[in-house]
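Please read the following note alongside the model shown below. The points are arranged by topic and may be checked one at a time.

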Amino acid sequence: MSSDNIQAGLHVSGLRKTFFPGTVQEKAALNGVDFSLGAGEFGIIIGSNGAGKSTTLNAISGELPLDEGCVVVAGQDMQRRPAHLRSRHMARVFQDPMQGTAASLTIEENLAIAARRGASRGFRKGLKNVERDWFRTALEVLGLGLENRLKDRVALLSGGQRQSLTLVMATLNSPSLLLLDEHTAALDPRAAELVLNATLKAVEGQKITTLMITHNMEQAINHGDRLIMMHAGRVVLNLDHSEKAGLTANDLVARFHDVVSDRMLLNRPWNF
């Protein structure tokens with residue numbers, strides 16, 4: 001991977017974060033996290049509970065201030081930018097389907113808010129037909145018929161439909177970086193598959209640099225361009241597409257134990 005391609009994607013180096021320093025509860029959550037994703041590359045993070053996965057996403061998004069480290073997105077240094085300014089370059093979908101949308105607003109109103117994210121504030125007229133056509137086209141990809149329900153309140157949608165809408169909102173303006181924080185974990189298997197398929201279509205179709213957390217090892221092995229395994233606040237495995245091709249969940253566990261002697265991984269509820 002060329003250095004230009006890396007800089008155009010995501011580059012994190014030396015991420016360090018200690019919670020409750022100097023107390024009996026002191027915990028090194030990130031202990032020198034380094035990895036890169038090229039422009040348009042889809043990276044997946046796995047690891048046991050407490051490995052530092054969500055903390056890494058919080059650090060990248062700016063929700064969590066770092067003790068040390070550097071975050072570069074599409075060639076832009078994010079280090080001193082607060083979360084609301086970073087949101088112009090990145091979008092995030094959380095685990096909770098209720099978190100990414102406004103239940104009391106309609107589908108088209110939620111999409112309008114997403115479409116204008118990062119734009120200058122001011123008085124605007126109502127939605128134009130060209131915007132509605134844009135929204136319908138974006139929703140059609142899901143295959144859920146939501147393009148025919150623009151006037152429906154989001155509160156009427158199921159969890160899977162709502163998470164699918166959140167994904168469309170996050171990718172509407174083709175962000176430089178998409179962060180997915182276990183965004184299928186709270187859904188039933190059918191809804192989870194639907195949202196994952198919508199994710200793959202959006203990421204591959206728009207060539208969005210993406211970083212996804214999952215506890216599902218089959219997802220991590222079968223999808224994405226890069227598999228990153230974390231443990232104790234560090235990256236312990238970083239496999240590109242060719243290196244993870246043909247791996248099984250058992251192979252991955254074995255690779256983990258080739259790198260670290262700790263047996264905690266066997267005690268966490270991996271999904272096979």
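This is a predicted model: local features need pLDDT of at least 70, side-chain atom pairs count only at pLDDT 80 or more; totals for chains, interfaces and linings use all residues.

1. His11 stands opposite Ser36 in strand β2. Strands β1 and β2 pair in the antiparallel sense over 8 bridges, where two strands pair if DSSP finds at least two bridges between them. Strands (E, at least two residues) and helices (H or I, at least four residues) are DSSP runs, numbered from the N terminus.

2. Residues are numbered from 1 along each chain as its sequence is written, and side-chain values use heavy atoms, with hydrogens and water left out.

3. An open sheet is formed by 4 strands in the order β2-β1-β4-β5, with antiparallel pairing. Strands β2 and β5 (76–77) stand at the edges with a single partner strand each, so one side of each is left without a neighbour in the sheet. Helix α2 packs on this sheet and touches β1, β2 and β4, contact meaning heavy atoms within 4.5 Å. The direction of α2 makes about 65° with that of β2; axes are lines fitted to C-alpha atoms, for helices over the stretch in contact, and angles run from 0 to 180 degrees between N-to-C directions.

4. Is helix α2 mostly covered or mostly uncovered? Helix α2 (residues 53–61) is mostly covered, as 7 of its 9 residues are buried. Buried means under 20% relative accessible area, exposed means over 50%, and partly exposed lies in between (1.4 Å probe, protein chains only). The buried residues of α2 are Lys53, Thr55, Thr56, Leu57, Ala59, Ile60 and Ser61. After α2 comes Gly62, which has a positive phi near 90°.

5. Strand β3 (residues 42–47) is likewise mostly covered, with 6 of its 6 residues buried. Phe42, Ile44 and Ile46 lie on one side of β3, and Gly43, Ile45 and Gly47 on the other. Strand β3 pairs in the parallel sense with strand β8 (residues 209–213) over 4 bridges, and with strand β9 (residues 226–231), also in the parallel sense, over 5 bridges. Ile45 stands opposite Ile213 in β8 and opposite Ile228 in β9.

6. How many salt bridges does a search of the whole structure find? The search finds 8, a salt bridge being a side-chain nitrogen of Lys or Arg within 4 Å of a carboxyl oxygen of Asp or Glu. In one of them, the side chains of Lys17 and Asp67 meet at 3.9 Å, N to O. Lys17 belongs to strand β1 (residues 10–19) and Asp67 to the loop between α2 and β4 (68–73), 50 residues apart. Lys17 is buried at a relative accessible area of 12%, whereas Asp67 is partly exposed at 44%.

7. Arg226 forms a salt bridge with Glu41, and the closest N and O atoms are 3.1 Å apart. This pair links distant parts of the chain, since Arg226 is in strand β9 and Glu41 in the loop between β2 (27–37) and β3, 185 residues apart. Both Arg226 and Glu41 are buried.

8. Helix α4 (residues 107–115) and helix α5 (residues 129–140) pack at an angle of about 100°, with their axes 11 Å apart. Helix α4 is therefore roughly perpendicular to α5; 65 to 115 degrees counts as roughly perpendicular, under 35 as roughly parallel, over 145 as roughly antiparallel, and the rest as oblique. The contact involves Ile107, Glu108, Leu111, Ala112 and Ala115 of α4, together with Arg132, Trp134, Phe135 and Leu139 of α5.

9. A salt bridge also joins Arg116 and Glu131, at 3.1 Å from N to O. Arg116 lies in the loop between α4 and α5 and Glu131 in helix α5, so the pair ties together parts that are 15 residues apart in sequence. Arg116 is partly exposed at 24% relative accessible area, while Glu131 is buried at 16%.
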